[in-house]
Amino acid sequence: PVAPEGIDGLAITARRGGYVTTSPGKPRVYAAHGVAINAGPKPKGFLEVRGRMLDSVGGVLAEATVPCGNSFRDDQLLGFRSGDELRRAYLPAGDGLSNQKLAPGAAVACTVVFFEAPSPEKTAAFDLEIVAAQPAS
């Protein structure tokens, strides 16, 4: 299969994730982290990453697509009152414009946060995939 426009040469590594400790009665929050690397010969920007929480047979329990370059501290995540509020906090250009332009060989952090995440008993793994990028000059 052919990679979508702008995706060729991009990879995601350094995957780690975990549940954020929340108070009883508060929504369950899971943060999945990775690092996107531009291994291609041309600059790219405005990368988007899709995160999926998976069950033991690979079924998708939750899915979200967000811009790369955004990071959130646990105390920030605990302050969001809804998934919509969290989605509005993501900046397309990322923190400090980190997602605006990735030169060849450059990297940007990617964080996908699941608000009202599936329970740990149901979740076996997560996956991150770069699904969009634009040419950058």
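Among contacts (heavy atoms within 4.5 Å) in the protein between residues at least 6 apart in sequence, 73% join residues at least 24 apart. The structure is a predicted model, in which local features need pLDDT of at least 70 and side-chain atom pairs count only at pLDDT 80 or more, while totals for chains, interfaces and linings use all residues. Residues are numbered from 1 along each chain as its sequence is written, and side-chain values use heavy atoms, with hydrogens and water left out.

The protein holds 2 helices and 6 strands, where helices (H or I, at least four residues) and strands (E, at least two) are DSSP runs numbered from the N terminus. Read along the sequence, these elements follow the pattern β-β-β-β-α-α-β-β. The radius of gyration, taken over C-alpha atoms, is 15 Å, close to the 14 Å that the globule rule gives for 137 residues, so the protein is as compact as a globular protein of that length. The globule rule is 2.2 Å times the number of residues to the power 0.38. Along its principal axes the C-alpha trace spans about 50 × 35 × 20 Å. Buried residues make up 41% of the 137 residues; buried means under 20% relative accessible area, exposed over 50%, and partly exposed in between, with a 1.4 Å probe and protein chains only.

An open sheet of 3 strands has the order 1-2-5 with antiparallel pairing, two strands being paired if DSSP finds at least two bridges between them. Strand 1 and strand 5 are the edge strands, each pairing on one side only. From one strand to the next the twist averages 20°, based on axes that are lines fitted to C-alpha atoms (for helices over the stretch in contact), with angles from 0 to 180 degrees between N-to-C directions. Strand 2 and strand 5 run antiparallel and are joined by 9 bridges. Gly 34 stands opposite Cys 110 in strand 5.

The largest nonpolar core has 33 residues, of which Leu 47, Val 49, Leu 77, Phe 114 and Ile 130 touch the most other members. Such a core is a set of buried Ala, Val, Leu, Ile, Met, Phe, Trp, Tyr and Cys residues joined through side-chain atoms within 4.5 Å. At least two residues of this core come from each of strand 1 (10-20), strand 2 (29-38), strand 3 (44-54), strand 4 (60-67), strand 5 (107-115) and strand 6 (125-135). Strand 5 supplies the largest share, 6 residues. This strand is mostly covered, with 7 of its 9 residues buried. Leaving aside residues up to four places away in sequence, Phe 114 touches Arg 28, Val 29, Tyr 30, Ala 32, Gly 51, Arg 52, Met 53, Ala 62, Glu 63 and Ala 64.

The structure holds 1 disulfide, defined as a pair of cysteine sulfur atoms within 2.5 Å. The disulfide is formed by Cys 68 and Cys 110, with sulfur atoms 2.4 Å apart. The link of Cys 68 and Cys 110 is right-handed, with 90° about the S-S bond. The pair links distant parts of the chain, 42 residues apart: Cys 68 lies in the loop between strand 4 and helix 1 (74-79), and Cys 110 in strand 5. Cys 68 counts as buried because its relative accessibility is 0%, and Cys 110 is also buried, with a relative accessible area of 1%.
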